[in-house]
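Thank you all for making time this morning. I would like to walk slowly through one structure with you, so please keep the sequence and the picture open while I talk.

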Amino acid sequence: MRENDIRPRVYAADQRVAMLQDVGRLLTRRDEFVDVGCSACDSRQRVARWAKFGLDYWECSDCQTVYISPRPSPAVLEWFYQGSVNYAYWNKHIFPASEAARREKIFVPRVNRFLELCARHGTRAGTVLEVGAAFGTFCQELNSRKVFKRVVAVEPTPDLAQHCRSLGVEVIEKPFETVTFSREDRFDAVVAFEVIEHLFCPEEFLRRSNSVLSENGLLVVTCPNAQGFEIATLGCLSDSVDAEHLNYFHPMSLARLLARCGFDLVEMQTPGQLDAELVRKKVLSGDLSLDGQAWLRRVLIDQWETCGSSFQRFLAQSGLSSHMWICAKKSGAAAQAP
Ligand SMILES: [Zn+2]
């Protein structure tokens, strides 16, 4: 997979303008931002890590999670996403132009990986809940496999929820935290792709996910890995470091938060495919200098054609890519996995 497949470069400049407009909007409500502790362990011990977009990114001294504080309150976040210029631009231009490529390069492999995890960890083929389903592509693709009896999407944005319905996906059009599930409504798997990094309080989300899972149920969460190659190398030059991403976990810190929320980690993977390419692009654009880093220059520039893809495979296989998957079960249930 190449970045251009899923984010066509013809839209890059306009999308950046839209993103910066959003940052400007967000900062107009800065006086409503809230000071918080570490997203993973709640510690207040921290050191300044980055400053970008007028926001402060701290690194927790106890668990090395990076997080924005002060951060937009839940009410400000709701207002922000409802009026997002950037999301409107994505919905109008980038998603339609890249829909087929995204399905093939992102959603089909995502469903495959999810089904492999379910098979490996003995998940019942009953019900799946996806939180933050967006266009509903994952749910639609999962439905097409006919493995699970019922797939439910939670998507609070009206246009996106409507899009889910148009694909035949069952959707709950409310924020996850306000949905009332009946006692019988317990899910065999809860999944959230690229959601947790946006949340004001990831702990609340995980506790709620725990409460709606069935006894041997599986939680699958994906997010950026702050200790992966791309983010660790680029720091705040990384486009993953943005105003919307409030939480930057790494595998161990997310495992720690999961443990606090009543989960046992069962599997962690970093299947990211774009680290090397994204760092290389920052070098080629002149944003990142590799002066004094001859070895990295050799891999990313001089010998890119021969080394690039094997270097990326090494990162992914070694837990060193900047995109991670975490798979967990309710505490006490993990031991029952085959
Ligand atoms: Zn921490």
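Let me begin with something to look for: in which loop is Pro 70 found? Pro 70 is found in the loop between strand S3, residues 66–68, and helix H3, residues 74–82. As background, most peptide bonds are trans, and most residues other than glycine have a negative phi.

Before I go further, a word on where this comes from. This is a predicted model, in which local features need pLDDT of at least 70 and side-chain atom pairs count only at pLDDT 80 or more, while totals for chains, interfaces and linings use all residues. Residues are numbered from 1 along each chain as its sequence is written.

Let us turn to the sheets. Seven strands form an open sheet with mixed pairing, and their order is S6-S5-S4-S7-S8-S11-S10; two strands pair if DSSP finds at least two bridges between them. At the edges are strand S6, residues 170–172, and strand S10, residues 263–269, each of which pairs on one side only. From one strand to the next, the twist averages 20 degrees, where axes are lines fitted to C-alpha atoms, for helices over the stretch in contact, and angles run from 0 to 180 degrees between N-to-C directions. Within this sheet, strand S4 (127–131) and strand S5 (150–154) pair in the parallel sense over five bridges, and Leu 129 stands opposite Val 152 in S5. Helix H7, residues 202–212, lies across S4, S7, S8, S10 and S11, and it runs at about 150 degrees to S8.

There is also an open sheet of four strands, in the order S1-S2-S3-S9, and here the pairing is antiparallel. Strand S1 (46–52) and strand S9 (247–248) stand at its edges with a single partner strand each, so one side of each is left without a neighbour in the sheet. S1 pairs with strand S2, residues 55–60, in the antiparallel sense over six bridges, and Ala 48 stands opposite Trp 58 in S2.

Now to the helices, starting with H2. Helix H2 covers residues 12–27, and at 1.5 Å a residue its 16 residues should span 22 Å, which agrees with the 23 Å between its end C-alpha atoms; the expected span is 1.5 Å times one less than the number of residues. Which residues of H2 are buried? They are Met 19, Asp 22 and Leu 26, and a residue is called buried if 20 or more other C-beta atoms lie within 10 Å of its own, exposed if 12 or fewer, and partly exposed in between, with C-beta atoms placed from the backbone. These three cover an arc of only 55 degrees around the axis, which puts them on the same side of H2; the arc is that of the directions from the helix axis to the C-beta atoms. On the other side of H2, Ala 13 and Asp 14 are exposed. The buried residues of H2 pack against helix H3 and helix H4, the latter spanning 85–120, and two residues are in contact if their C-beta atoms, placed from the backbone, lie within 7 Å.

A second case is helix H10 (275–284) with helix H12 (304–317), whose axes come within 8 Å and cross at roughly 130 degrees. H10 and H12 are therefore oblique to each other, given that angles under 35 degrees count as roughly parallel, over 145 as roughly antiparallel, 65 to 115 as roughly perpendicular and the rest as oblique. Among the residues that make the contact are Arg 280 of H10 and Phe 311 of H12.

Finally, let me compare two loop residues. Ala 134, in the loop between S4 and helix H5, has a positive phi near 50 degrees although it is not a glycine, and with 22 C-beta neighbours inside 10 Å it counts as buried. Lys 146, in the loop between H5 and S5, also has a positive phi, of about 55 degrees, but with 8 C-beta neighbours inside 10 Å Lys 146 counts as exposed.
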